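Work through the exercises below with the sequence and the model open. Each task is followed by a solution in steps.

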Amino acid sequence: MAQGRGGKAPRAPRIKTVRLDDPVLVFYREKQPGNAAQQLVMDAKVLPQVAILPFEELINRPDIYFDGIDNRELPGSAKNKDRMRLVGTFGLATSKRQPVGDGRSQYVRLRKPKQGVFYVFQDDASQYRSLVNDGHGGARLDFQANVLPGLDSVRAVYVLRMLEPAQRGASIR
């Protein structure tokens, strides 16, 4: 078994569930001179905060999450690891982008997952550091940019997806 710092065994990933009444995916763009572009998930009633609060305060709010960027196995469920995955929320987006009100960011509404809950993980922040403005209204990957300095983890939201039989197995990992 792999050892963590100080000789202790590493903890299993912690997962919790959260319900959002009116979920939205926000394509958040940092104020100049910054170059960060992040995908945040929140309830629509929280949208006005995007125009008011600086990014550091937004991500410290307990009701604002990062969109999951991985294709995770459901932890602690060996029998289901080949049948289910936790994936980001982008596939739930239903409508065209609308302005948030801060002059930089946009959002889309999300359909609620069938089970009604989203799954929240503490993800490694280094995975989120590569998304930067491309200068043309979109985002591009830049693995050198650290747009989340001082953060080691973020709260990320996922949805549960059942895999089709053809998708099961080692090829999707």
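**Exercise 1. Follow the aromatic cluster into the fold.**

Tyr 28, Phe 55, Phe 66 and Tyr 128 form one aromatic cluster. The model is a predicted one. Classify the ring pair of Phe 66 and Tyr 128, and state which parts of the chain this pair ties together.

Solution. 

Step 1. Start with the count: the model has 5 aromatic pairs.

Step 2. The ring centres of Phe 66 and Tyr 128 are 5.3 Å apart and their planes meet at 70°. Planes over 60 degrees apart count as edge-to-face, so this pair is edge-to-face.

Step 3. Phe 66 belongs to strand S4 (residues 64–67), while Tyr 128 is in the loop between strand S8 (118–124) and strand S9 (131–133), so the pair ties together parts 62 residues apart in sequence.

Step 4. Buried means under 20% relative accessible area. Phe 66, at 3%, is therefore buried, and Tyr 128, at 4%, is buried as well.

**Exercise 2. Describe the largest nonpolar core.**

Which residues of this core touch the most other members, and which elements each supply at least two residues?

Solution. 

Step 1. The largest nonpolar core has 32 residues, and those touching the most other members are Val 26, Leu 40, Met 42, Phe 66 and Leu 148.

Step 2. At least two residues each come from S2, strand S3 (37–43), helix H2 (55–60), S4, S8 and strand S11 (153–162).

Step 3. Take Leu 148 as an example. Beyond its neighbours within four places in sequence, Leu 148 contacts Gln 38, Phe 55, Phe 66, Ala 125, Tyr 128, Arg 129 and Val 154.

Step 4. Another core lies apart from the largest one; it has 14 residues, among them Leu 25, Phe 27, Val 41 and Val 159.

**Exercise 3. Examine the surroundings of Phe 27.**

Is Phe 27 buried or exposed, and which charged end sits over its ring?

Solution. 

Step 1. The relative accessible area of Phe 27 is 10%, so Phe 27 is buried.

Step 2. The charged end of Arg 97 is over the ring of Phe 27, 3.6 Å from its centre.

Step 3. A second case of a charge over a ring is Arg 72, which lies over the face of Phe 121 at 4.0 Å from the ring centre.

**Exercise 4. Decide how far to trust the start of the chain.**

How many contacts beyond four places in sequence does the model have for residues 1–11?

Solution. 

Step 1. The protein chain averages a pLDDT of 81, and 82% of the residues score at least 70.

Step 2. Over residues 1–11, pLDDT stays under 50, and the model has 8 such contacts there.

Key: Residues numbered from 1 in each chain as written. Predicted model: local features only at pLDDT ≥ 70, side-chain atom pairs only at ≥ 80, totals over all residues. Heavy atoms only, no water. pLDDT = per-residue confidence, 0-100. Contact = heavy atoms within 4.5 Å. Phe/Tyr/Trp six-rings, centres within 6.5 Å; stacked < 30°, edge-to-face > 60°. Buried < 20%, exposed > 50% of the residue type's maximum accessible area, 1.4 Å probe, protein only. Helix = DSSP H or I, 4+ residues; strand = E, 2+ residues; numbered from the N terminus. Lys NZ or Arg CZ within 6 Å of the ring centre and 35° of its normal. Core = buried A, V, L, I, M, F, W, Y, C linked by side-chain atoms within 4.5 Å.
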